[in-house]
Amino acid sequence: MIERFLKYSLERERKICVVLMDEGGAMIKKNMQVTSVDDDGFTALLPGRKRESRYALSQVLTAAYARGDQGELE
């Protein structure tokens, strides 16, 4: 299911909401737009930042549509 949301963000250039586990074991909720996906993880742009961030798939706990996005096809 997580891969499905990552591909949705990548193909439609839409933000998604992702809950991640950081190195300290804390859960972090972030909105992001996925820019690339591979076998080990993905890169994404965070709002207000110009540089992409890299995340491992093992860090992702869940993903969902960002606020205001119903996932409708245009």
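**View 1. Strand 3 meets strand 4 at one end of the sheet.** Strand 3 (residues 41-45) and strand 4 run antiparallel, with four bridges joining them. Look for Ala44, which sits opposite Ser53 in strand 4. A word on terms: strands pair if DSSP finds at least two bridges between them, while helices (H or I, at least four residues) and strands (E, at least two) are DSSP runs, numbered from the N terminus. This is a predicted model, in which local features need pLDDT of at least 70 and side-chain atom pairs count only at pLDDT 80 or more, though totals for chains, interfaces and linings use all residues. Residues are numbered from 1 along each chain as its sequence is written, and side-chain values use heavy atoms, leaving out hydrogens and water.

View 2. Five strands line up in the order 4-3-2-1-5, giving an open sheet with antiparallel pairing. Strand 4 (53-56) and strand 5 (60-65) are the edges; each has a single partner strand, so one side of each lacks a neighbour in the sheet. On average, neighbouring strands here are turned by 45 degrees against each other, direction ignored. Those angles come from lines fitted to C-alpha atoms (for helices, over the stretch in contact) and run from 0 to 180 degrees between N-to-C directions.

**View 3. Strand 2 and its two partners.** Six bridges pair strand 1 with strand 2 in the antiparallel sense, and Ile16 has Met32 as its bridge partner in strand 2. The hairpin of these two strands has five residues between them, and there Gly25 takes a positive phi near 90 degrees. Strand 2 also pairs with strand 3, again antiparallel, over four bridges; Gln33 stands opposite Leu45 in strand 3.

**View 4. Helix 1 laid over the strands.** Helix 1 (residues 2-12) lies across strand 1 (16-21), strand 2 (27-37), strand 3 and strand 5, at about 60 degrees to strand 2. Its buried residues are Phe5, Leu6, Tyr8 and Ser9. They share one side of helix 1, because their arc around the axis is only 155 degrees, taken from the directions from the helix axis to the C-beta atoms. Arg4 and Glu11 are exposed on the other side. Buried here is under 20% relative accessible area, exposed over 50% and partly exposed in between (1.4 Å probe, protein chains only).

**View 5. Zooming in on Ser9.** Ser9 of helix 1 counts as buried because its relative accessibility is 0%. Leaving aside residues up to four places away in sequence, Ser9 touches Arg14, Ile16, Met32, Gln33 and Val34, where contact means heavy atoms within 4.5 Å.
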